Amino acid sequence: MSTFTLHDRNSAPDAAKPLLEGSQKSFGMIPGLHAVMAEAPGLLEGYQVLHSLFLNSSFNADEKTVVWQAINVEHDCHYCVPAHTGIAKSMKVSDEISNALRDETPLPTAKLEALRDFTLAMVRQRGELEEKQLQDFYDAGYTQQNVLDVILGLSQKVMSNYTNHAAKTPVDKAFKPFAWEKK
């Protein structure tokens, strides 16, 4: 059970109130993650900025989902895996891709699998990649910008995954149908 405050626009620190209003407008609700992050307005603002930047990155919807969910699953995030399953549905990402990411089974294309492999290498090796790993990523059709956009997505996910671990953020009602546990 979380001992962290789940803020709303009334209880949040003043600096977080407009950020929560933005969350409400964007999502039609204040996600639990944002409610927790509001305690530290800089964290919430940084997360929202990184989220916006990653949405506008070089990746398409399927690729964004691969980066997000590969990291969420690797970090065993009880909140972000269901949340990003719902987000993937809203982005019209196929259930085949979502299920493969959630279940850690093969993705439908070699290019998406290369993206998951590269993302996981970035996480597990803390960015200390070998030249062959970079070359394999490029050979799969990705670019240096894609390398850097994986780092952008990873930065966003560290903020959310670690917050959810520390706060034990309850999964929002909207995402409960996508509940997940690591196999």
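**Entry 1: ground rules**

I start with accessibility: buried means under 20% relative accessible area, exposed means over 50%, and partly exposed lies in between, using a 1.4 Å probe and the protein chains only. By that rule F137 is buried, at 2% relative accessibility.

I keep in mind that this is a predicted model, where local features need pLDDT of at least 70, side-chain atom pairs count only at pLDDT 80 or more, and totals for chains, interfaces and linings use all residues. Residues are numbered from 1 along each chain as its sequence is written, and side-chain values use heavy atoms, with hydrogens and water left out.

For helices I go by DSSP runs (H or I, at least four residues; strands are E, at least two), numbered from the N terminus.

**Entry 2: aromatic rings**

I looked up ring pairs next. Rings of Phe, Tyr and Trp (its six-membered ring) pair if their centres lie within 6.5 Å; planes under 30 degrees apart are stacked, over 60 edge-to-face, and the rest tilted. I get five aromatic pairs in the structure.

One of them is F59 with Y142, which is edge-to-face at 6.4 Å centre to centre and 65° between the planes. This pair links distant parts of the chain, 83 residues apart: F59 is in the loop between α3 and α4 (61-74), and Y142 is in the loop between α8 (131-139) and α9 (144-167). I find F59 buried at 3% relative accessible area, and Y142 buried at 4%.

Then I checked F118 and F137, a stacked pair with 3.9 Å centre to centre and 10° between the planes. F118 sits in helix α7 (residues 110-124) and F137 in helix α8, so the pair ties together parts 19 residues apart in sequence. F118 is buried too, with a relative accessible area of 4%.

Which residues do ring pairs link into a cluster? I noted F54, F59, W68, F118, F137 and Y142.

**Entry 3: salt bridges**

I count a salt bridge when a side-chain nitrogen of Lys or Arg is within 4 Å of a carboxyl oxygen of Asp or Glu. How many does the structure hold? I found seven salt bridges.

D14 and K17 make one of them, at 3.4 Å from N to O. D14 is exposed at 61% relative accessible area, while K17 is partly exposed at 24%.

K182 bridges to E104, with the closest N and O atoms 3.8 Å apart. K182 lies in the segment after α9 and E104 in the loop between α6 (95-103) and α7, so this pair ties together parts 78 residues apart in sequence. Both ends are partly exposed, K182 at 33% and E104 at 40%.

R116 and E113 meet with their closest N and O atoms 3.0 Å apart. They are three residues apart in helix α7, which means about one helical turn separates them. Is R116 buried or exposed? I have R116 as buried, at 8% relative accessibility.
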